[in-house]
Amino acid sequence: MSEAATFLSVFSIGDCDVNALPVKEIGPAVGYYTQVLGFHVVEKEAERATLKRGDVQIGLAQNGADPEQASCYFGVDNVEALHQELSAKGIEPSPIGTDTHGGKQYRIFFAKEPYGVCF
């Protein structure tokens, strides 16, 4: 596999709080984010966790909110490397496309983790 993508930034889509992404159960979600998505645990409590990968820090929270309504996007230095990494782990991301935001064009793809959050 090629070099790993470096995570540079994270932004919410809609009203989602990237410091409290909702999950139904904290344990399995932390396991998924660490073992599959390559994050490491910064801090973990009974119903919350803070995770980090590269320059990105996110929070997971078992807070009663609907994970199906939560979305965020990650800025990375190598879209192809991340797409390949996720594909190799069976995540099945969408094809790489382009989108324009703020007058600037970006290369993007979407994926959804099994606990509901779309990224």
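**Exercise 1. Determine which residues the salt-bridge network links, and where Arg53 and Glu85 lie.**

Step 1. Arg53, Glu85 and Lys89 are linked in a network of salt bridges, a salt bridge being a side-chain nitrogen of Lys or Arg within 4 Å of a carboxyl oxygen of Asp or Glu. The model is predicted, and local features need pLDDT of at least 70, side-chain atom pairs count only at pLDDT 80 or more, and totals for chains, interfaces and linings use all residues. Residues are numbered from 1 along each chain as its sequence is written, and side-chain values use heavy atoms, with hydrogens and water left out.

Step 2. Arg53 lies in strand β4 and Glu85 in helix α2, so the pair ties together parts that are 32 residues apart in sequence. Helices (H or I, at least four residues) and strands (E, at least two) are DSSP runs, numbered from the N terminus.

Step 3. Both partners, Arg53 and Glu85, are buried, where buried means under 20% relative accessible area, exposed over 50%, and partly exposed in between (1.4 Å probe, protein chains only). For Glu85 the relative accessible area is 6%.

Step 4. The side chains of Glu85 and Arg53 are also joined by a polar contact of 2.9 Å. A polar contact is a pair of N or O atoms within 3.5 Å; within protein, one must be able to donate a hydrogen and the other to accept it, and residues adjacent in sequence count only if both atoms are side-chain atoms.

**Exercise 2. State how many salt bridges the structure holds, and characterise the pairs of Lys112 with Glu68 and of Arg107 with Glu80.**

Step 1. The total is four salt bridges. Side chains of opposite charge can pair when their charged atoms come close.

Step 2. Lys112 and Glu68 meet through their side chains at 2.6 Å, N to O. This pair links distant parts of the chain, with Lys112 in the segment after β8 and Glu68 in the loop between β5 (56-61) and β6, 44 residues apart. Lys112 is partly exposed at 43% relative accessible area, and Glu68 is partly exposed at 44%.

Step 3. In the salt bridge of Arg107 with Glu80, the closest N and O atoms are 2.1 Å apart. Arg107 belongs to strand β8 and Glu80 to helix α2, so the pair ties together parts that are 27 residues apart in sequence. Arg107 counts as partly exposed at 45% relative accessibility, as does Glu80 at 39%.

**Exercise 3. Describe the surroundings of helix α2, from its start to the residue just after its end.**

Step 1. At the start of α2, a side-chain oxygen of Asn78 reaches to within 3.3 Å of the backbone nitrogen of Glu80.

Step 2. In α2 (residues 79-88), the buried residues are Val79, Ala81, Leu82, His83, Glu85 and Leu86. The cover over these buried residues includes β1 (7-12), β4 (48-53), β6 (72-76) and β8 (104-108).

**Exercise 4. Give the volume and lining of the largest cavity and of the largest pocket.**

Step 1. On a 1 Å grid over the protein atoms alone, a cavity is a set of points where a 1.4 Å probe fits but cannot get out, and a pocket is an open set with protein on both sides within 12 Å along at least five of seven lines; lining residues have an atom within 4 Å of a point. Grid points are joined across faces, edges and corners, and a volume is the space filled by probe spheres set on the points.

Step 2. The count comes to one cavity of 30 Å³ or more, and the largest cavity holds about 30 Å³ of space. Its lining consists of Phe7, Leu37, Phe39, Arg53, Phe74, Leu82, Leu86 and Phe119. These divide into seven nonpolar, no polar and one charged, where Ala, Val, Leu, Ile, Met, Phe, Trp, Tyr, Cys and Pro count as nonpolar, Asp, Glu, Lys and Arg as charged, and the others, Gly among them, as polar.

Step 3. The largest pocket has a volume of about 610 Å³. Of its 19 lining residues, Tyr73, Phe74, Tyr106, Arg107 and Ile108 are the closest to its centre. The elements that give two or more residues to this lining are β1, β6, α2, β7 (97-101) and β8, and β6 supplies the largest share, four residues. The pocket lining divides into twelve nonpolar, four polar and three charged.

Key. Contact means heavy atoms within 4.5 Å.
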